[in-house]
Amino acid sequence: MKKSFRENLRDLLDYNDMTVKELSFNTGISKRSIENYLGSRCSIPPADYACKIAAALNTSVEFLVNGEHPTKEIFPDKTIRMMKKFHSLSDNHQQAIYEIIEALPQV
């Protein structure tokens, strides 16, 4: 039997030894919202919040929603670190990096 989002979120918090407060800090999502996702009403977050939660818990949104790992390959850790660094840059720096990548010859 598949677990609910709430159950998967609780399991992943426990597995990562992370508190709701820590998840809130790591994602920028309010503690109250996360508590609502863990509550008996079983509310599911919007997609952008689910993505932030999945990233903070080093899992996929698919796993959070239905407890199943995605069939496609998950990005290697190096790629994830690079993507996080890219997203932490200003819009101007992101654009500059994008232009550099676009200028590289295709392999």
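In this predicted model, Glu 35 pairs up with Lys 31 in a salt bridge, with the closest N and O atoms 3.0 Å apart. Both residues sit in helix 3, and because they are four residues apart there, about one helical turn separates them. Glu 35 comes out as partly exposed, at 36% relative accessibility, and Lys 31 is likewise partly exposed, with a relative accessible area of 39%.

That pair belongs to a set of three salt bridges in the structure. Side chains of opposite charge can pair when their charged atoms come close. Another of the bridges links Arg 10 to Asp 14, whose closest N and O atoms lie 3.6 Å apart. Here too the spacing is about one helical turn, since the two residues are four apart in helix 1 (residues 5-15). Arg 10 is partly exposed, its relative accessible area being 34%. Then there is the contact between the side chains of Asp 11 and Lys 3, at 2.4 Å from N to O. Asp 11 is partly exposed at 34% relative accessible area, and Lys 3 is partly exposed at 41%.

As for helix packing, helix 3 (residues 31-38) packs against helix 2 (residues 20-27) at an angle of about 120°, and the two axes are 9 Å apart. This angle makes helix 2 oblique to helix 3, and their crossing is right-handed.

Methods:
Residues are numbered from 1 along each chain as its sequence is written. This is a predicted model: local features need pLDDT of at least 70, side-chain atom pairs count only at pLDDT 80 or more; totals for chains, interfaces and linings use all residues. Side-chain values use heavy atoms; hydrogens and water are left out. Axes are lines fitted to C-alpha atoms, for helices over the stretch in contact, and angles run from 0 to 180 degrees between N-to-C directions. Angles under 35 degrees count as roughly parallel, over 145 as roughly antiparallel, 65 to 115 as roughly perpendicular and the rest as oblique. A crossing is left-handed if the near helix is turned anticlockwise from the far one by less than a right angle, and right-handed if clockwise. A salt bridge is a side-chain nitrogen of Lys or Arg within 4 Å of a carboxyl oxygen of Asp or Glu. Buried means under 20% relative accessible area, exposed over 50%, partly exposed in between (1.4 Å probe, protein chains only).
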